[in-house]
Amino acid sequence: MKIYKFKLVCIAICATLLFVQCDDDENGNVIVQETCDDGIQNGDEEGIDCGGSACEPCIDEIDFSGTYVQEDIMGRPGVNTVFSGADNVKNMFNNSLVSDRMSFQATFEETLEDYHDVYGDALGITIDYETNILGLDAPTFTTVLAQFDALQVAPNGQTTYYDPGTGVVLTGRTLADDVIDISLTLMFGGTSGTRFDGNNGTPQLTSDGVDSGDRDFTLPFPYLETPITQ
């Protein structure tokens, strides 16, 4: 009989300890000292693990109200950088609407001709822009540059900056597209694309001489070249 009572006493003590522990967990009393990563708001925190004297400030919800001013817009940044010519024109271009850029065409055409004048002076001859491989004369080419400086996409067609095989142009770009060489060819390549390609005594103006090397763009990022061994 005494053994039976002793077992009951032990069970009662264990049950009491169990319920006391559960009560402590629910009331947060188990945590001796609050920290900034305990997942609860305690101490002098202003939110869960933020604010107060010890934690990082709480981040308020971003306020999108008010009136905003457009500071920058660059679909193809090279267009503005290369053809605007002056900082004030660049700033105006960045603040403009894509659908309202016809006023920049004249500046772009003047800049395009200025580039040819610079190289003409260096060579001691007169050089003017020549209709490019897309059949675009100077006014048309610079109109395209001014009014369509936006990233484009061809959801149901070929995506390419320029594919001479298909003739598709500016429907987006692939990683393998050499946009600099294509742009220089459109500016200085003339009707053949080889007008100033460094051959036949001409300066090399249709390439920056930089390609993608042996990078394999079908592999996951980053696209690295094979290390140079000596």
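In what order do the elements of the chain run from the N terminus on? The order is α-α-α-α-α-β-β-α, made up of six helices and two strands; helices (H or I, at least four residues) and strands (E, at least two) are DSSP runs, numbered from the N terminus. The model is predicted, with local features requiring pLDDT of at least 70 and side-chain atom pairs pLDDT 80 or more, whereas totals for chains, interfaces and linings use all residues. Residues are numbered from 1 along each chain as its sequence is written, and side-chain values use heavy atoms, without hydrogens and water.

Of the 230 residues, 25% count as buried (buried, under 20% relative accessible area; exposed, over 50%; partly exposed, in between; 1.4 Å probe, protein chains only). Among contacts (heavy atoms within 4.5 Å) with a separation of 6 or more, 43% are accounted for by residues 24 or more positions apart.

Helix α6 (residues 179-188) is largely enclosed by the rest of the structure, because eight of its 10 residues are buried. The buried residues of α6 are V179, D181, I182, L184, T185, L186, M187 and F188. These buried residues pack against α2 (77-83), α4, α5 (138-147) and β1 (162-163). After α6 comes G190, with a positive phi near 65°.

Helix α4 spans residues 105-123 and contains D121. D121 counts as exposed, because its relative accessibility is 64%.
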